[in-house]
Amino acid sequence: MHLISKFNIYKKSTINITNENSVLSAEVEMSKNKSKDKHNIQTKLIHSGSQRSQNNETSEAIYLTSGYVYNSAEEAEARFKGELDGYIYSRYSNPNLTMLEKKLCEMEGAEAARLTSSGMAAVFWALFTNVQSGDHIIAADALFGSCLSILKDILPNYGIEVTIVRANKIEEWEKSIKKNTKVFFFETPTNPMLEIIDMEKLSQIAKANNIKVIIDNVFATPLRQRPMEFGADIVIYSATKHIDGQGRCLGGVILGDAEFIENKLHDYLKHTGPALSPFNAWIMMKGLETLSLRTDRQIESARKIADHLLDLGGIKEVIYPGHKSHPEYSIAQKQMIGGGPIVTFKVDGGKKEAFDFLNKLDLIKISNNLGDAKTLITHPKTTTHRNLSDTECMNLGITECTLRMSLGLEDIDDIMFDIDKSII
Ligand SMILES: Cc1ncc(COP(=O)(O)O)c(C=O)c1O
């Protein structure tokens, strides 16, 4: 409980997340900035950053425009010179992107944010803009597959050295630091084995060595884990996941300090063009209005399913950061609220038994995506992690019978029924 007081932007909001067998009713501390900052986060996610047109619409307008017109040649010149505020071109920015960026900054407690066309564009640009030829990155071995491809196959072509370390072995991170190390990059919980990395410890090591910490916060979900309060410099999301929340569109976001985001990242994005569509920004802005409600329910359902699987025949292992049996339970308690919306488990047998189970499911859909209103299940070994060698999978604990489930918003009894009737 004491750790939750770190999450000081919540201001006495009650967050009902059932943890283990009790309700974790988190009476969270009042914000230190109460007078300046008069609304709770849930309220801010609905109202902050919104702009109304001359029509005074309730729901924000969609600005589907690539360009903008100027009232005079002088005005155009002044805008380009940066002497006059205003939009220039939607590759640079757009009102829907501005609105979403403002809400995301409120959500994360970050100074500034920039949006990208996908989560992978966010990962790539967050890494690429923090290193140059001759620099060194240390990254976790347990990462989303495309992140490993960027680190192992793309960045080394530009003279960037990369060391991949066992994600939760802090001593390996420390041992691998060199004079030219500029970035630590990891996810926590990791995909798909839900290992927990101690953000505070790694950030302390990074700070002592002048290294930037970049965290992919997708698996914990925003609001329920706030990496910047544990020392992260940059937080990235695949907004495709819980921020959209209904599996409609791709997007990404990079959040950090204004100096980095506005003076460096902005120009790279503006000139190279991985811009988010205004329509997708609008969808995601609407997603933020219900983010807290949705993730509360998804985390609660994940905990119930994790408990239920423990008692079910045909299941040999359940991995859930909210379970006391999880090897990094105490770290999860320190840095997350609840155990997260994803449950990983292993069925008895091998690939055949795992596939038989998947093929019997009706309600739960087989998909490599996550963070949807629909409950989705993945067989990582043959899909998301198929490019890893058998040894790499073995090191991470991914087997033929490992399954990853992302909880949706369906009635919990219906999800349980689908699992119970399908398990061998
Ligand atoms: C943890 C994590 N990071 C990044 C990504 C990439 O996001 P996107 O698919 O939006 O490019 C994903 C996508 O599946 C993911 O699960």
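Let me start with two helices. The axes of helix α3 (residues 95-108) and α9 come within 8 Å and cross at roughly 35 degrees. Axes here are lines fitted to C-alpha atoms, for helices over the stretch in contact, and angles run from 0 to 180 degrees between N-to-C directions. Helices (H or I, at least four residues) and strands (E, at least two) are DSSP runs, numbered from the N terminus.

Before I go on, a word on the model. It is a predicted one: local features need pLDDT of at least 70, side-chain atom pairs count only at pLDDT 80 or more, and totals for chains, interfaces and linings use all residues. Residue numbers start from 1 along each chain as its sequence is written.

Back to α3 and α9. Their crossing is left-handed; that term applies if the near helix is turned anticlockwise from the far one by less than a right angle, and right-handed applies if clockwise. On the α3 side the contact has Asn96, Leu97, Met99, Leu100, Lys103 and Met107, and on the α9 side Pro278, Ala281, Trp282, Met284, Met285 and Leu288. Contact means that the C-beta atoms of two residues, placed from the backbone, lie within 7 Å. By class, this contact has ten nonpolar, one polar and one charged residues. For the classes, Ala, Val, Leu, Ile, Met, Phe, Trp, Tyr, Cys and Pro count as nonpolar, Asp, Glu, Lys and Arg as charged, and the others, Gly among them, as polar.

What else does α9 cross? The axes of α9 (residues 278-310) and α13 (residues 412-422) come within 11 Å, again at roughly 35 degrees, and this crossing is right-handed. Ser301, Lys304, Ile305 and His308 of α9 make the contact with Ile412, Ile415 and Met416 of α13. Here the classes are four nonpolar, two polar and one charged.

Five strands form an open sheet in the order β10-β11-β14-β13-β12, with mixed pairing. Two strands pair if DSSP finds at least two bridges between them. β10 (315-319) and β12 (365-366) stand at the edges with a single partner strand each, so one side of each has no neighbour in the sheet. Helix α9 lies across β10, β11 and β14, running at about 15 degrees to β11. Helix α11 (residues 351-360) also packs on the sheet, where it touches β11, β12, β13 (376-378) and β14, and its direction makes about 125 degrees with that of β11.

Five bridges join β11 (residues 342-347) to β14 (residues 402-406), and the two run antiparallel; Ile342 stands opposite Ser406. On β14's other pairing, three bridges join it to β13, also antiparallel, and Thr378 has Arg404 as its bridge partner.

Is β14 buried or exposed? Five of its five residues are buried, so the strand is largely enclosed by the rest of the structure. Buried means that 20 or more other C-beta atoms lie within 10 Å of a residue's own, exposed means 12 or fewer, and partly exposed is in between, with C-beta atoms placed from the backbone. In a regular strand the side chains alternate between the two faces of the sheet. In β14, Thr402, Arg404 and Ser406 point one way and Leu403 and Met405 the other.

Asp372 sits in the loop between β12 and β13. With 23 C-beta neighbours inside 10 Å, Asp372 counts as buried. Leaving aside neighbours within four places in sequence, Asp372 is in contact with Gln246, Gly247, Ser406 and Gly408. Gly247 is 125 residues away along the chain, yet the two C-alpha atoms are separated by 5.2 Å.

There is another open sheet, of seven strands, in the order β3-β9-β8-β7-β6-β4-β5 with mixed pairing. Its edge strands, β3 (112-116) and β5 (161-165), pair on one side only. Within it, β7 (residues 212-216) and β8 (residues 234-238) pair in the parallel sense over three bridges, and Asp216 stands opposite Ile236.
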